[in-house]
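Have a look at the model below and turn it around a few times. Then let us walk through its parts together.

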Amino acid sequence: MQIYLILALTGLLWGGVYLLMATGLNLIYGVMKVVNLAHGDFIIVGGLLAFSLFTTFQISPWIALPIAAALLFGVGMLVHRLVLAQIDMAGSQGELRTLLATFGLSYIVSNTALLIWGGQYESIPFLQDALKIGPLSFPKSLVVCSGAAFVLALAVQLWLTRTASGRLVRATAQSELGAASCGLNIQRVRLFTFALGSAMAGGAGVLVVLLIPMQATTGSLFGVQAFILIVLGGLGNFVGAILAAVILGLVEVSTGYFFGANAASGVIYLIFILILMFRPQGLLGQRGRI
Amino acid sequence: MISFKESMKRYQTNLKPSWQWIIGGIALVVAIVIAFTGSGDQTQTLFSICLFAVLAYAWNIISGMTGYISFGQIGFFGIGAYVAAICQLQLNSDWYVAALAGGLVALLIAIPLGVIMLRLQGIYFALGMLGLARIGQLIASSSALVGGSQGESVPVVGTPQATSLVMIFVVVAALALTWWLLHARLGLCLMAIRDDEMATQASGINTTFYKVTAFCISSFLAGLAGGLYTWNIGFIDPGSAFNSTFELQTILMVLIGGIGTLWGPLLGAIIVSIIGQALWAQFPQQQQIILGALTLIAVVWMPGGIVSLLNKRGWLRRTPVWATSRREDIPDMPDLSRPTDIPEVPGVSRPAESRGANILEVPDLSWHLADLSAPGSAKSEAPGSATSEAQQTRATVLKCNGLTRRFGGLSALSNCAIQVEAGQIVAVIGPNGAGKTTLFNLITGFDRPSEGDISFLEHSITGHAPYRIAREGVARTFQTSRPFPSLTAWETLLLAAIAKNPSRSKATAQASSMLNKLHLSEQWNNSPEHLPPGQRRLLEIGRALMLQPRVLLLDEAMAGMAPDEIALVHALLKEVVSRGCSVVAIEHVLPAITPIAQHIYVLDFGVTIAEGAAQEVLGNPIVVDAYLGTGEKESINA
């Protein structure tokens with residue numbers, strides 16, 4: 001019986017880790033209708049940056065977190081200026097062109113990371129001690145990561161729904177034309193959103209590297225996992241994403257326990273394809289164009 | 001707008017493609033010479049370039065020509081590689097049998113996968129395919145059939161010379177296949193799907209069939225390449241058979257070379273491989289970054305890749321499909337396109353010259369009414385009595401019963417009943433949000449009714465696919481015009497013509513005749529996007545008419561048209577009606593439709609609030625209230 005409890009809690013915690021990686025992507029898609037294929041590579045950059053700071057300057061990941069977020073914020077601004085703002089989203093091929101552009105971007109970012117950090121897997125030995133809850137114990141890093149994810153997801157939801165700046169972002173998300181005709185500078189909102197989403201990826205990377213060893217070119221796996229999660233939750237829906245994170249975490253952890261690691265990494269894709277076939281709008285998404 | 005002279009210039013460059021074949025032939029000879037005389041390293045490089053060229057052509061067919069970007073075509077390469085290895089190991093087959101089997105198995109697997117996956121669009125399809133390729137890799141790693149995750153050697157291994165020679169011919173075959181696609185029915189349908197899938201369905205094309213066909217061709221090529229790769233390398237393992245770097249490189253090549261073009265994939269494969277090699281010598285570390293940057297540049301600033309740069313100079317432009325069959329001298333019925341060309345009807349005054357008149361003023365159309373109300377007779381009866389008499393004798397063509405469509409809690413249409421008789425012109429009017437376009441979407445199968453039934457020629461068509469409904473004889477236009485940006489005006493009409501006619505000569509003759517009738521002959525080689533809005537709408541009506549419909553549904557077809565264009569549409573409708581076709585028109589500009597409509601339905605908030613002959617309906621106080629507000633009675637009847 002205890003094994004099921006452990007599986008359930010571990011699944012929940014790992015769900016949180018996936019959620020952490022997906023929140024930035026979700027925000028960007030929700031507002032801009034752009035799927036950033038370089039998102040996973042941004043996560044890797046954040047993680048490996050924290051690794052370098054930790055090993056060369058003994059800087060704690062807690063301090064590396066804002067540094068990585070700020071760096072990726074800048075990268076996000078740059079990418080939006082130079083690439084995304086140049087693509088006419090209204091055109092018939094707009095969405096596909098952003099997809100291919102971020103595909104090229106992913107290639108650039110991952111290979112730059114490879115150049116800087118080399119091809120070995122790196123992790124930070126930090127918060128490795130166990131947190132005991134009654135008879136159960138979990139790595140502290142997992143608990144922190146997961147906790148941060150749920151807090152972040154709720155914070156984004158509250159920011160979007162309860163604050164004036166969040167309202168500007170939601171207005172842009174719902175109708176760019178409408179927002180623009182109310183005098184909003186939508187290019188600035190998009191720029192800020194993309195930079196913020198990228199910063200979230202960087203911050204997530206710092207926490208995830210405590211748990212999962214990272215290598216420069218494994219970013220696309222994180223990116224795809226994040227994308228699957230937000231599709232399952234309903235693109236751009238933050239409450240749905242939390243639900244999806246819990247489901248994915250539970251399914252992956254229990255598949256891994258019963259059928260082995262290969263099956264665990266395959267089951268995610270299987271869920272993805274089943275969702276696309278039977279409920280393409282996701283769990284809580286509105287049925288829209290897909 | 002492109003002038004006639006320019007369009008002629010384009011026409012000439014289009015039909016002067018011979019030098020590209022000369023250069024291609026020289027490249028082929030050079031490649032064959034290298035294959036025979038080159039060193040082992042050189043021939044291996046040649047093999048790799050050819051392998052990527054084949055993968056690039058495979059990707060180009062589904063993603064470039066059909067518009068379904070896939071990040072998982074490498075999965076079919078892996079399937080081909082594994083099937084070839086199994087054939088060699090278990091069945092002791094020869095290399096060519098093994099490679100062909102690889103291609104064929106990939107094709108067979110692509111059929112069910114295509115039917116399922118191609119229902120998805122955009123990023124969903126792209127990443128869904130990525131997921132499938134990953135699942136394929138995991139299956140290959142965990143099965144014990146061929147070495148599992150460690151891999152296994154295969155017995156028959158080709159020399160670099162032999163493998164590169166074979167690969168060169170596969171490239172030539174892939175090039176020829178792409179050339180054929182770009183000049184054939186299949187390719188035309190694929191390009192139309194890429195531009196606008198909905199409008200393609202409305203043109204009577206079974207888009208699922210064509211998409212899946214393209215997917216299968218692409219998968220066969222990728223699988224064949226995989227089989228030949230096994231033969232070349234002599235070893236199989238999940239990591240290299242489902243190598244995602246191959247996928248990345250292939251996509252890079254097509255994007256840099258020119259997506260959706262004939263020569264782009266080959267140019268991309270050659271240039272990226274050569275640049276890659278050169279960079280490898282100079283900057284081994286930065287090579288991949290530079291390639292990524294090139295892709296980004298290609299996507300953002302040069303969406304057509306290298307080929308688009310050449311296109312700007314007039315080189316390598318695509319020739320419109322079946323352009324040589326286009327004829328300008330098609331014998332046709334009397335030209336009805338301009339008011340002045342219309343044969344005189346006794347007792348009816350000719351229309352006033354409308355050119356340059358006030359846009360809001362619609363030309364006097366009373367001359368139409370004489371034969372519209374009763375086709376075949378030119379007697380000038382009072383319109384009202386003619387319709388009521390005719391209604392008793394004519395057959396019902398289209399009948400909607402109790403149509404209801406709910407979106408969540410909102411009923412866009414409730415319990416709507418519409419009946420259209422042969423040769424009748426029916427207007428559907430109503431304020432914005434009244435459910436008019438929803439009604440059209442339900443009739444043409446783009447949306448399903450929550451309740452109710454639609455019958456056409458006494459058969460129920462409820463739930464039929466849009467392309468079937470279009471072919472059976474219910475054609476439509478769209479409220480916002482949906483042109484195919486990368487097709488020409490000629491191909492737009494041809495697309496609908498081939499949906500109806502299996503024979504090429506008939507289809508081209510009909511498309512030519514319609515082009516002349518619409519007075520678009522001079523614009524035949526222009527993209528509909530470059531036409532002025534009025535002509536674009538005319539083209540769309542022409543596209544619907546190519547289906548030889550029994551019922552023509554016009555969704556605000558005359559909005560934004562100049563008076564003389566409206567007159568042209570009226571003339572077209574007149575001809576169509578005289579052949580027994582019925583017209584149902586949604587219109588906001590009442591004077592554009594009420595003079596020719598024999599029956600009017602008024603919708604408001606999804607409910608039919610009035611119906612009847614034009615005069616009764618427009619005089620009905622409920623209609624005046626709901627539709628026009630109070631106090632406007634004088635102006636509508638004017």
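This is a predicted model: local features need pLDDT of at least 70, side-chain atom pairs count only at pLDDT 80 or more; totals for chains, interfaces and linings use all residues.

Residues are numbered from 1 along each chain as its sequence is written, and chains are lettered from A and ligands numbered from 1 in the order in which they are written.

## The two chains

Let us begin with some totals. Helices (H or I, at least four residues) and strands (E, at least two) are DSSP runs, numbered from the N terminus. A residue is called buried if 20 or more other C-beta atoms lie within 10 Å of its own, exposed if 12 or fewer do, and partly exposed in between, with C-beta atoms placed from the backbone. Two residues are in contact if their C-beta atoms, placed from the backbone, lie within 7 Å.

Along the sequence, chain A reads α-α-α-α-β-β-α-α-α-α-α-α-α. Its C-alpha trace spans about 60 × 45 × 35 Å along the principal axes. The radius of gyration of chain A is 19 Å, which agrees with the value near 19 Å for a compact globule of 290 residues. This radius is taken over C-alpha atoms, and the globule rule is 2.2 Å times the number of residues to the power 0.38.

How far apart in sequence are the residues that touch? In chain A, among contacts between residues at least 6 apart, 77% join residues at least 24 apart. In chain B, residues 24 or more positions apart account for 74% of the contacts with a separation of 6 or more.

## Where the chains and domains meet

The contact between the chains takes 34 residues from chain B and 32 residues from chain A. On the side of chain B that touches chain A, α6 (122-142), α12 (244-257) and α14 (287-301) of chain B each supply at least two residues. Helix α6(B) gives the most to that side, with 14 residues.

Chain B itself is divided into domain 1 (24-243) and domain 2 (391-480 + 548-637), with bounds from an automatic or database domain assignment. The C-alpha centres of these two domains of chain B lie 48 Å apart. Their contact takes 9 residues from domain 1 and 8 residues from domain 2. Helix α9 (residues 197-202) of chain B gives the most to the domain 1 side, with 4 residues.

## A sheet in chain B

Which strands form the open sheet in chain B? The order is β4-β3-β6-β7, and the pairing is antiparallel. Two strands pair if DSSP finds at least two bridges between them. The edge strands β4 (410-421) and β7 (459-460) of chain B each pair on one side only.

Strand β3 (residues 396-407) of chain B pairs with β6 (residues 451-456) of chain B over 5 bridges, and B:N401 stands opposite B:D453 in β6(B). Strands β3(B) and β4(B) pair over 8 bridges, with B:I418 as the bridge partner of B:C400. These two strands form a hairpin with 2 residues between them, and B:G408 in the turn has a positive phi of about 65 degrees.

## The largest nonpolar core

A nonpolar core is a set of buried Ala, Val, Leu, Ile, Met, Phe, Trp, Tyr and Cys residues joined through C-beta atoms within 7 Å. The largest one has 306 residues, and A:L229 and B:V54 are among the members that touch the most others. Helix α3 (residues 40-65) of chain B gives the most to this core, with 16 residues. Domain 1 and domain 2 of chain B both give residues to the core, so the core lies between them.

## Two positive phi angles

Most residues other than glycine have a negative phi. A:Q58 has a positive phi near 55 degrees, and its place is in the loop between α2 (39-57) and α3 (61-82) of chain A. A:Q58 is exposed, with 7 other C-beta atoms within 10 Å.

B:L457 has a positive phi near 50 degrees and sits in the loop between β6 and β7 of chain B. B:L457 counts as partly exposed, with 16 C-beta neighbours inside 10 Å.
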